[in-house]
Amino acid sequence: MRYSAELVTDEAGFAGLAGDWERLYERCAAATPFQSHAWLHSWWLSYGRTGRLRLVLVRDGAELVAAAPLMRVGRPVPALVPLGGAISDYGDVLLDDERGDEAVAALTEGLAGAARTALIDFREVRPGGAAEQIYDRWHGPRRRVSDSVCLELPALPMDELVARLPSAKAQRVRAKLRKLTALGVERQIVRPDEVDAALHRLLELHRLQWQGRKVTSEHLRPRFCDHLVRSVGPMVRSGNAVVTEFRLDDDVVAVDLTLLSRRLAGGYLYGAHPRLRERKADVAVMLLDACAEHTRGGAPGTLSLLRGNEPYKHHWRPEPVVNQRLLLARRRTAPLLAAALCDVAARRRGKELLRRWRERGGGGS
């Protein structure tokens with residue numbers, strides 16, 4: 001085997017990989033924006049813990065041809081898990097599409113060596129992800145279970161997305177689009193040098209729109225703000241993200257962040273002033289219309305609504321796509337795999353019992 005595997009565990013080494021990492025990212029068609037160096041390294045600066053970084057790299061001479069961005073955790077079992085955590089919708093490895101089985105074999109061997117006493121737990125792998133090739137080649141105990149549901153639409157212009165709807169619903173959406181035009185809502189792509197300020201406005205509008213209601217608390221924390229501002233600027237410059245501002249009466253009333261890769265575009269986060277709803281503007285229609293613009297020209301091929309099975313997303317007749325959780329063990333760590341599967345089963349049972357309780361009215365208070 002001509003390829004060599006190495007393990008990087010220090011933050012400085014991670015930072016120095018930016019150029020090599022991004023070149024590999026461009027050669028991996030399955031990669032999502034959540035595997036870009038800008039996103040992952042920024043995430044580590046905000047959320048990583050000293051001593052836990054585990055980057056398994058494969059090189060052909062000096063050229064990086066495969067990478068698995070992982071960290072070690074101790075609960076519920078000792079495991080290597082993808083960087084990116086709960087704020088990343090997809091986890092995966094990077095494999096150079098032109099290198100074939102030999103690079104896959106080298107990364108698989110490197111992962112086996114890095115996980116001597118730990119389970120490898122690839123969370124939120126999109127079907128067709130590069131990590132599936134590792135799973136197929138793995139020689140030890142392994143299991144594949146379902147993870148989160150993502151809802152996906154074909155990458156079509158807005159008028160074609162509307163045409164997919166039943167006629168009555170399509171008419172309502174067209175009326176909402178006309179309403180946005182009549183109100184004078186204008187949108188503009190934010191220039192790279194203005195992205196940082198726009199992201200601060202996005203987070204402030206996000207806080208305002210959810211005021212008094214249940215919100216994902218992490219989105220309001222300083223570490224998340226630091227991560228978003230630090231990562232998105234480079235991603236905009238490399239074409240892996242686009243920030244859009246919406247104006248009404250010369251005021252910025254909404255800001256949207258869409259992440260882009262070769263295969264998909266996904267609306268990641270937005271903030272909208274309550275004033276829009278007061279003016280009877282449909283924010284969901286406005287955002288989808290803007291996001292659909294980023295898929296013109298045939299690439300990327302999927303418009304992802306990302307994780308979450310919220311009812312409003314189903315108005316667009318999306319296809320549910322279930323992410324995978326790929327669990328890999330060595331023979332000595334097979335008991336960790338059994339324990340992880342028991343934890344998965346217990347959590348699913350708990351969610352089912354909670355759902356039934358709420359259906360019986362238990363959540364009324």
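**Pockets and a cavity: group meeting talk**

This structure holds one cavity of 30 Å³ or more. By cavity I mean a set of points, on a 1 Å grid over the protein atoms alone, where a 1.4 Å probe fits but cannot get out. A volume is the space filled by probe spheres set on the points, with grid points joined across faces, edges and corners.

The model is predicted: local features need pLDDT of at least 70, side-chain atom pairs count only at pLDDT 80 or more, and totals for chains, interfaces and linings use all residues. Residues are numbered from 1 along each chain as its sequence is written, and side-chain values use heavy atoms, without hydrogens and water.

Back to the cavity. Its volume is about 30 Å³. Among its lining residues are Tyr90, Asp92 and Arg126. Lining means an atom within 4 Å of a point.

Now the pockets. A pocket is an open set with protein on both sides within 12 Å along at least five of seven lines. Helices are DSSP runs of H or I, at least four residues; strands are runs of E, at least two; both are numbered from the N terminus.

Next, the second largest pocket. Its volume is about 980 Å³. It has 33 lining residues, with Val73, Arg75, Val81, Gly85 and Ala86 nearest the centre. β6 gives the largest share, four residues.
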